[in-house]
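Subject: Structure handover

Hello,

Please find the structure below, with the sequence. My notes on what was found follow it.

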Amino acid sequence: MPSNLAGLTALLYAAVPGYLYLVRYERHGLREHPSAAREIAELFTVGTFATLAAAGGVLALAEHVPGLATLDGTLSGAAYARSHAWHLVRSGVLILTLSTLACIVLGELRGRHRGASSWSAIPGTVWAELLKPRRGEADPAVQVLMDDGTMVYGSGHMVSDERDTAYRDVALHHPISIRGPDEDRPRPSDADYVIIPGGHIRLIEITAVLVNRGPRN
C-alpha cells in the first residue's frame, strides 16, 4: 500500500503542473495536435522537472526555515515521517504549489512568445494563424475559391485545427456574398455564417482589416 500511495503521489506531482503548463501554452492560439504519446510525454517531462526543481528549493529552504522537512530527515525513513508528519505535509504542499506556479508561468511565456512570432515551422497551423486577427485589426476579409469555381466572400470567423487539410473547414461570418462559377458578380447572402469544407477549398485570399480605418484620400 505505501508503495502504491507513493506512486500515485509522484504521478499527481508530475501530472498537475504539466497539465497546467499545456493549458497555458495552448490558450494563446491553435497548435497542431501532437500524438497522444508525445503530448503525455511532454506533460510529464515538464511537470517532473518542475517538481524536482521545486523540491530542491524547498529542501534547501528547510535548512533555514523551521517546520519544513529536511533532506536528512526525509531520507531517514518511516520514523521521521511519523514524528514529523506535518513537516512533510507542509513541504509537499509547498512543492506542489511552487511547481504548479512555475509551469503556469513557463506555459504563459512560451505561449506568448509563440503567439508573437510571425513565423511558424509547425505544419498545419498556417490557416489558423492567418485567419486570426492581430492587435489593432478586425476580423480579416476572406475570399475562398472552391474547387468548382465558386467564390465565397466574408469575414474570417473560425477554422478547425484538424491535421488533414481535407477536414480543416473554414467558417465565415456576415456580410457574406457568393459568386457561382457562371455568374459575373457576387450575390449577397442573408446567412450570418457559412461553413466551407476544407476538402473543397482551392485557394484562400486573406486581407487584413484595420480597426477604425479612416477614409482613403
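Salt bridges

A search of the whole structure finds two salt bridges (a side-chain nitrogen of Lys or Arg within 4 Å of a carboxyl oxygen of Asp or Glu). In one, arginine 24 pairs with glutamate 108, and the closest N and O atoms are 2.7 Å apart. Arginine 24 lies in helix H1 (residues 2-26) and glutamate 108 in helix H5 (residues 85-116), so this pair ties together parts that are 84 residues apart in sequence. Helices here are DSSP runs of H or I with at least four residues, strands are runs of E with at least two, and both are numbered from the N terminus. Arginine 24 is partly exposed at a relative accessible area of 28%, whereas glutamate 108 is buried at 12%. Buried means under 20% relative accessible area, exposed over 50%, and partly exposed in between (1.4 Å probe, protein chains only).

The other salt bridge joins the side chains of arginine 187 and glutamate 183, at 3.1 Å from N to O. Arginine 187 is partly exposed, with 44% relative accessibility, and glutamate 183 is partly exposed as well, with 30%.

Basis and confidence

This is a predicted model, in which local features need pLDDT of at least 70 and side-chain atom pairs count only at pLDDT 80 or more, while totals for chains, interfaces and linings use all residues. Residues are numbered from 1 along each chain as its sequence is written, and side-chain values use heavy atoms, with hydrogens and water left out.

The mean pLDDT of the chain is 81, and 85% of its residues reach 70 or more; pLDDT is the predictor's confidence in each residue, from 0 to 100. Over residues 117-121 pLDDT stays under 50, and the model has one contact beyond four places in sequence for them (contact means heavy atoms within 4.5 Å). Where pLDDT is low, the predicted coordinates should not be read in detail.

Overall layout

The chain has six helices and six strands, in the order α-α-α-α-α-α-β-β-β-β-β-β along the sequence. Of its 217 residues, 31% are buried. Its accessible surface comes to about 13,900 Å², with 63% belonging to carbon and sulfur atoms; areas come from the Shrake-Rupley method with a 1.4 Å probe, and for residues only the protein chains shown count as cover. Among contacts with a separation of 6 or more, 59% are between residues 24 or more positions apart.

Helix H5

Serine 99 lies in helix H5 and is buried, with a relative accessible area of 0%. Beyond its neighbours within four places in sequence, serine 99 is in contact with Pro17, Ala50, Thr51 and Ala54. Alanine 102, in helix H5 too, is partly exposed at 40% relative accessibility.

Strands

Strand S1 (residues 137-146) is joined to strand S6 (residues 201-210) by eight bridges, and the two run antiparallel; two strands pair if DSSP finds at least two bridges between them. In this pairing alanine 141 stands opposite threonine 207. S1 also pairs with strand S2 (residues 151-159) in the antiparallel sense, over five bridges, with leucine 145 opposite methionine 151. S1 and S2 form a hairpin with four residues between them, and glycine 149 in the turn has a positive phi of about 95°.

Strand S3 contains proline 175. The peptide bond that joins histidine 174 to proline 175 is cis, with omega of about 0°.

Nonpolar cores

The largest nonpolar core has 14 residues, and Val144, Val152, Val159, Val170, Leu172, Ile196 and Ile201 touch the most other members. Such a core is a set of buried Ala, Val, Leu, Ile, Met, Phe, Trp, Tyr and Cys residues joined through side-chain atoms within 4.5 Å. Helix H6 (126-130), S1, S2, strand S3 (170-179) and strand S5 (193-196) each give two or more residues to this core. A second, separate core has seven residues, including Leu22, Tyr25, Leu43 and Cys103.

Regards
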